[in-house]
Amino acid sequence: MSLETWLAFAAVAALFLASPSRVTFLVVSYALGQGRKSLFATLPALVAGAFVVTSATLLALAGLLHTVPEILDPVRWLGPAYLVYVLVQLWRTPRGQGPIADNDNLPEKKPLRIMRHAFAVTAFSRWNYVFAATLLTQFLRPGASMTQEAAALVGTVLTLAVVVWIAVALSARPIHRRMRQRIPKRLTSRRHDPVLIASASVIAGYRKLAA
């Protein structure tokens, strides 16, 4: 894999990881509610979830590339347009129809339950798999070096995830203030799971912090 290809992959992956998604706001909500120490519970679980998503997706793609590589050609053609669409949806001002509840509590409070919740949000979201498959098909190519390239892609995603989520937790309060200014008093549509923002959790953490 050339340096230019790797940089392109890293840039798109970083944009997705830093976008205002469910995972980002989960990190913010727990950081606001329980402080930066919440990273000891959320970060390992989120990284484990990201590893499951990327590894499972790469295994599936490797099998397809080995057996019927031509089936992925349409994905490679449509993939860039889909990636742009998803990133625009993630970064645009959210709109929806569900009211924000000010009296909701954080989903979990005990470390093990927080870890289970964080892992589930990452590993069991079908949209994470769709995005990973769309992204990886643009960079993974069949050949003798495919295993090495796959390992490099997974390592890049996990390293970026650690850096981005630590930065999000350390900047939870300014991120929360910014999003309170941008988000109208409604949640995003549940039909678009990648842009569903856990606003109730964030506000609950803010209320606990201010109490």
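Colleague: Leaving aside its neighbours within four places in sequence, which residues is Thr137 in contact with?

Modeller: With the caution that this is a predicted model, Thr137 is in contact with Leu61, Leu72, Val75 and Arg76 once neighbours within four places in sequence are set aside. The residue belongs to the loop between α6 (126–136) and α7 (146–170), and the side chain of Thr137 also reaches the backbone oxygen of Ala133 at 3.0 Å.

Colleague: Why does Thr137 count as buried?

Modeller: The relative accessibility of Thr137 is 3%, and buried means under 20%, so Thr137 counts as buried.

Colleague: Why is Pro69 called partly exposed?

Modeller: Pro69 has 31% relative accessibility; buried is under 20% and exposed is over 50%, with partly exposed in between, and therefore Pro69 is classed as partly exposed. Pro69 is placed in the loop between α3 and α4, and, neighbours within four places in sequence aside, is in contact with Leu64 and Arg76.

Colleague: How far apart are Pro69 and Arg141 in sequence and in space?

Modeller: Pro69 and Arg141 are separated by 72 residues in sequence and by 9.4 Å in space, taken from C-alpha to C-alpha.

Colleague: How do you know whether Leu3 and Thr156 are buried or exposed?

Modeller: Leu3, in helix α1 (residues 3–18), has a relative accessible area of 55%, and since exposed means over 50%, Leu3 is exposed. Thr156, in helix α7, has a relative accessible area of 10%, which is under the 20% limit, so Thr156 is buried. Not counting residues up to four places away in sequence, Thr156 touches Trp6, Phe9 and Ala10.

Colleague: What makes the nonpolar surface patch that includes Leu3?

Modeller: Met1, Leu3, Trp6 and Leu7 make this patch, which covers about 380 Å². Patch members need over 30% relative accessible area, and Leu3, with 55%, passes that limit.

Colleague: Which residues touch the most other members of the largest nonpolar core?

Modeller: In this core of 46 residues, they are Phe9, Leu46, Leu135, Leu140 and Trp165. Each of α1, α2 (22–34), α3, α4, α5, α6 and α7 supplies at least two residues of the core, and the largest share, 11 residues, comes from α7. In soluble globular proteins, nonpolar side chains tend to be buried together. As for Leu140, its contacts beyond four places in sequence are Leu58, Leu61, Leu65, Arg76, Met146, Glu149, Ala150 and Leu153.

Colleague: Which helices do the buried residues of α6 pack against?

Modeller: They pack against α1, α3 (39–67), α4 (73–91), α5 (111–123) and α7; the buried residues in α6 are Asn128, Phe131, Ala132, Thr134, Leu135 and Leu136.

Colleague: How many helices and strands does the protein have, and what share of its residues is buried?

Modeller: The protein has 9 helices and 0 strands, and buried residues make up 45% of its 211 residues. Among contacts with a separation of 6 or more, 85% come from residues 24 or more positions apart. The protein exposes about 11,400 Å², of which carbon and sulfur atoms supply 64%.

Notes: Residues numbered from 1 in each chain as written. Predicted model: local features only at pLDDT ≥ 70, side-chain atom pairs only at ≥ 80, totals over all residues. Heavy atoms only, no water. Patch = residues over 30% accessible without salt bridge, like charges linked within 9 Å, V, L, I, M, F, W, Y side chains within 5 Å. Areas by Shrake-Rupley, 256 points an atom, 1.4 Å probe, with all protein chains shown as cover. Salt bridge = Lys/Arg side-chain N within 4 Å of Asp/Glu carboxyl O. Helix = DSSP H or I, 4+ residues; strand = E, 2+ residues; numbered from the N terminus. Buried < 20%, exposed > 50% of the residue type's maximum accessible area, 1.4 Å probe, protein only. Polar contact = N/O pair within 3.5 Å; in protein donor to acceptor, adjacent residues only side chain to side chain. Contact = heavy atoms within 4.5 Å. Core = buried A, V, L, I, M, F, W, Y, C linked by side-chain atoms within 4.5 Å.
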